[in-house]
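These are my notebook entries on a structure that I looked through element by element. Each entry records what I looked up and what I found.

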Amino acid sequence: MTSRSAAAGLIGLLDTFALHSEDAVRQRVVDSAAEHYEAEIVAIVTGGQVAQATGLGGSAEMERAVVDLVAAVGSTASGSAAAEAELPGLGPVTVVSLPIDDDDTSRFAVIRTAGPFDPAELQGCRAMIRIMRLAARSIDAFEQQVKVSEQLAQEVELNRQLADELAQRHTELMTRMLDIQGMLTASTGPVLETIVRQAEELLRGDVVVLQLLRPDGMLELAQQSANAPLSFPRSLGLVRADEGLAGLAIERDELVVTHDYANHERAIPGLVKAGLTATITAPVRRRHEVVGALTVSSREPDRRFSRDEIETVLLLAGYASVALTDALTLDQRQRALEEAEWQATHDPLTGLANRRLVMETITERLARGRGEMNVLYIDVDRFKSVNDRYGHHVGDLLIREVADRINVSTRADDLVGRLAGDEFIVVFGSRVDLRQAGHIAERIRHRLNGPATVGGRTVPLSVSIGIATADGVATADDVINAADVAMYQAKSGGRNQVGRYDETIQSELRHQAELAERLENAVATGQGLHLEYQPVVDIESETVVGHEALLRWVDPVLGRVPPDTFIPVAEELGMITRLDDWVLATAVREAAEAGNEARLSVNVSPAWLAAGGAADKAAAVALAHGFPLDRLALEVTERVALADNVTTILRQLRAIGVRVLLDDFGTGYSSLAYVQRLEIDGIKIDRGFLQGVESDRHAAAILEAVVTLTDRLGASAIAEGVESPAQAKLLSELGCRLAQGWYFGRPAPAPGGLLALGARVAPGTPSTDC
Amino acid sequence: MTAPSPLPAPESTAFTATDVTVARSADGDRVVASITAASPAEAVAASAAVGAGPWAVGLVFAASPEILAATGEGLRGALDGIDVAGCTSSGIVNRRTWVEAPVQVTLLGGPGMTAAVSVGQLDLADSRAAGQAAAQAVRALAPQPPHSALILLADGLTGDTNHIVRGAYEVAGALVPIVGGCAGDNLAMKATWQLAGDQLLARSVVGVALGSTAPLGVGVRHGWSPIGSPMTVTAAEGNSILTLDDRPALDAYLEALGFTEASVGPDLARFSQTRPLGLESRGGHQVRFIRATDPQRRSMEFLVAIGEGELVTLMQGGSDTVVAAAGSAVDDALAQLTGDPLGLVAFDCVACRGVIGDGELACETATVAGQLPAGATLSGLYTYGEIARRGGSLGFHNQTMVVLAVQ
């Protein structure tokens, strides 16, 4: 445990990199070492002084003793990092003293009464030092960065100050500069133009140009004075930065002045030819980077620029720098504003509109009141189980995938938003009518139906969609609520559907609520619940081999409620495991009371299995009623495959003799892979497989394949919903031995419904109970 | 896990009559008195009637901030020169198991005892700085006593109590043991109150430095042992663990216990509060109480941060192990004394009440009291986390018994 907790202590220290002061890092490391190595005292000793420590309690005597101890251990001839010693008040201690830096000016000391340090702990102490050094280095880098940013800010400020100083010396200049300053918040173009014009006027009609450096190393003409000769712009339009004096000023980041242009090594021949005699060229910056040059040129023979003129050019270049820097800052601020606005109205995960933008958009369109507006409410089916099973990372990836698929199914003027979690919304533009909205909803449902591969996992995916039209409603909330109700309806209709909002939904919802309430009562009291048993027969001999227990609910007010209606409600409201418990206990009791040898199969929900203790529960019930476990089978659906640990749970069941049957085979993914993976004992072939099987060769071929493969996998196949002699005959020919259905016997309550093993059924005879 | 209780359960943990115990050292140098009463007035009157002294400090544990403040004020008026400190609680510890008594006063004094009180405010400073401020009391003890301890009474619902203890330890040093606990509010977990002198405080930590001419003993034990293999905290945020072994924390926790949310039923909060995690450390496991679970985020919230990379293990315990641990804590504390104890101040975890039930509290109290001489006092409170740091190791505990023995 020692080395494990030593490692844990180190991992915990990684967040020291988020600390911005060296003192904070040292404190973290000192505390952590004290706690993880159970040390009374931990200290960092630098140059004979304690720089950071815990456990000294402000005692100068203790501090002195620790400093001496650290020095003594550090200098032992053996070079050992640890030693035994005595400390006043603490008694015998072990001292670890390790150098922090290469020149050994600082030491890290860990002192404890709890015995010697093992190698893992010593290594841990060394690693703590390393973390301290690394964190200190990253703090250095951070501080450097802060310094550089401060310097840059100062530079811009200096430019302004310089401008102020110089401006004071020239009244006229000052007036002109104020003009420029006043413009500095405007966009860059006019400011640079004004700078160039002022330079031209202040410097007696010489030629002024402002060139900016392009990423390709060429200098581009950004501004030029009005009196530039026509030949100028052409020759100066684009020049290489490594030619000419402007390039030199940029290269060296300094002012370049020449009064003998023709003989300057960087002179451009074309300009010599044009009669240039003298130039001043000053670098122009954006932030700290030289990005161009302001150049004043003369063609007057023997022109000499005065000191004031040179300073004026420098000053103007400074202004140009400020203008360019401000522009950059403004640009960034604008971008930041736009970014903030975007973030306030969009979902960071998907980039879709968020609830706020959706509500604003609907409200705005309702206010405009032109044309009808349709809204889709899309909810991912069973998203919670994806999150639970695969984790939030995969959940997030799935949400993005869904967002992408919805996006490609809609048009540019439709607004797609994410309201929360797994809930999406589409607000259609005015040209989409209800019929088209329905088509698009179907398209989206189709695109979102089927497994999605995200984060290397294949995840089942389907959505339920509600459509609502915003006519006669007052607010965005009303529209969204209506669409939500329609979605809920689609969901309770079996998911993976599109539902439309209409008035009847509301009453349907009320009905659902009543149903839920009454069911809760039935589950709590058992009142109105009973079981019926349908025989499972051997097709060949037409004799009973077992029964499937079927739950029935007859409510005094609602009457007989079909399982298809109340089971999903029980699942949704979390009553299903209690209901399953009741069914299992009742079926086993009734079967035991019937006292025959027939097998019994009972349906259980994925929730019941996942709730844990399935095998224990089954064993307890069987034991209570003296029912042999090898006669009991549990029927589960493919949905159990989604439960965690399902293989283990099913194995535990089989270990005590209970068989497991896969129910409703053919209604879901119909994957025989489940039979193998879950080591299923048998499958119940859904009635859907049997429809038209007598006349449809393909259907028969599929059925045969299923029966054969099931057989090969060592499982048995039981056909459900057999209604005619033709179906029974065909099943027999295809190799299916077992079946149930109205043809062989209708479900009936105990005791009459529980027939003896081997009893002959009278096929085709309607039961008197139904 | 439930062991047969050696004692009949009390009929009620409710308070019935004022109870006073006074213990003096043979030389009259040190005195401890424990008074459990129904109201501030009765507590103050009974304290005044004890008559000994001079008192160095009165520790007040009360069921409400009003009772706390009124008792403190009354004591300061009635007992000349006394310093007071205290906090609200979720039940008090005394020999008679009157858990629900409204107020308890522990008086410590005599010529051989000194005390000082300091305060750190958790809302004005970070937890560590608050701990440092509360520990300044140790430096205020004058003259330097031969033996001393620092009692911290903290609001565990604000800040990170680990940092409070770290700060306090830095100031108090390795030679002054730290004990104490987090104030309660009868399990509402909303707001707790502290008392220091004439100040009724919220979001604070009060430090009481106790100096004595005789040794002080500290015991800290929990009755939990690890089960299963440890899990690594792979994501944490503040005082919450988000994932364990890269799985949603709540799921990993429930699964390791062999439960699902469905099988736990509606009271997940109570379920998890009595099934803590253990933080692996060199000296064993530190119990970490699960303050709350978040079924949406699938996370678990604790009273202090548990960092990423830490190893945690499921812990099991029951009334028998909890009671046995309480006994061992007292043994440890008494072993540090050189003579008979005058009194014991206990900081017991309120969640242990949940584990052993109020009915078996009598058993725990009897075990603790049974180790004390007949005349010694037993006082204390049920806390939202216990504090005990002797030398190294983490100083914040949950579901643990911490005792301070005074000789």
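This is a predicted model: local features need pLDDT of at least 70, side-chain atom pairs count only at pLDDT 80 or more; totals for chains, interfaces and linings use all residues.

**Entry 1. The sheet of chain B**

Which residue of β24(B) is the bridge partner of B:Ile387? The bridge partner turned out to be B:Phe396. I then looked up the two strands concerned: β23 (residues 386-389) and β24 of chain B pair in the antiparallel sense, over 2 bridges.

I next asked where this pair belongs. I found an open sheet of 6 strands in chain B, in the order β6-β11-β7-β8-β23-β24, with mixed pairing. At its edges stand β6 (113-121) and β24 (396-397) of chain B, and each has a single partner strand, so one side of each is left without a neighbour in the sheet. As background, I noted that strands of a sheet pair through backbone hydrogen bonds, either parallel or antiparallel.

**Entry 2. Strand β11 of chain B**

I looked up how β11(B) is joined to its neighbours. It pairs with β6(B) in the antiparallel sense over 9 bridges, and 8 bridges join it to β7(B), again running antiparallel.

Is β11(B) mostly covered or uncovered? I found it mostly covered, with 9 of its 9 residues buried. In a regular strand the side chains alternate between the two faces of the sheet.

Which strands does helix α3 (residues 127-140) of chain B lie across? I found β6, β7 (147-154) and β11 (204-212) of chain B, and the helix runs at about 160° to β6(B). Helix α4 (residues 161-172) of chain B also packs on the sheet, where I listed contacts with β7, β8 (178-182), β11, β23 and β24 of chain B. The direction of α4(B) makes about 155° with that of β7(B).

**Entry 3. Chain B as a whole**

I counted 10 helices and 25 strands in the secondary structure of chain B. Of its 407 residues, 62% are buried. Among contacts in chain B with a separation of 6 or more, 79% come from residues 24 or more positions apart. Chain B exposes about 13,100 Å², and carbon and sulfur atoms supply 50% of that area.

**Entry 4. Backbone exceptions**

Most residues other than glycine have a negative phi, and most peptide bonds are trans. I looked for departures from this.

- B:Met189, which is not a glycine, has a positive phi of about 55°. I placed it in the loop between β8 and β9 (193-196) of chain B. With a relative accessible area of 18%, B:Met189 is buried, as the cut-off is under 20%.
- B:Gln399 has a positive phi near 50°. This residue is in the loop between β24 and β25 (401-406) of chain B, and it is buried, with a relative accessible area of 1%.
- The peptide bond from A:Ala750 to A:Pro751 is cis, with omega near 0°. A:Pro751 has its place in the segment after β28 (748-749) of chain A.

I asked why helix α8 (residues 244-252) of chain A can be called largely enclosed. The reason is that 7 of its 9 residues are buried. These include A:Gly244, A:Leu248 and A:Ile250. The buried residues of α8(A) pack against β6 (207-213), β7 (218-224), β9 (256-258), β10 (278-286) and β11 (289-298) of chain A. After the helix comes A:Asp253, whose phi is positive, near 55°.

I then turned to A:Asp379, which lies in strand β12 (residues 374-380) of chain A. It is buried, with a relative accessible area of 8%. Leaving aside residues up to four places away in sequence, A:Asp379 touches several residues, among them A:Asp422, A:Glu423, A:Ser462 and A:Lys491.

**Entry 5. The contact between the chains**

How many residues does each chain give to the contact? I recorded 36 residues from chain A and 33 residues from chain B. The area buried between chain A and chain B is about 2,700 Å², and carbon and sulfur atoms give 50% of it. I found 3 salt bridges across this interface. A:Glu35 forms a salt bridge with B:Arg389, and their closest N and O atoms are 3.7 Å apart.

Notes:
Residues are numbered from 1 along each chain as its sequence is written. Chains are lettered from A and ligands numbered from 1 in the order in which they are written. Side-chain values use heavy atoms; hydrogens and water are left out. Buried means under 20% relative accessible area, exposed over 50%, partly exposed in between (1.4 Å probe, protein chains only). Helices (H or I, at least four residues) and strands (E, at least two) are DSSP runs, numbered from the N terminus. Contact means heavy atoms within 4.5 Å. Two strands pair if DSSP finds at least two bridges between them. Axes are lines fitted to C-alpha atoms, for helices over the stretch in contact, and angles run from 0 to 180 degrees between N-to-C directions. Accessible areas come from the Shrake-Rupley method with a 1.4 Å probe; for residues, only the protein chains shown count as cover. Buried area is the accessible area (1.4 Å probe) that two parts lose on being put together, summed over both. A salt bridge is a side-chain nitrogen of Lys or Arg within 4 Å of a carboxyl oxygen of Asp or Glu.
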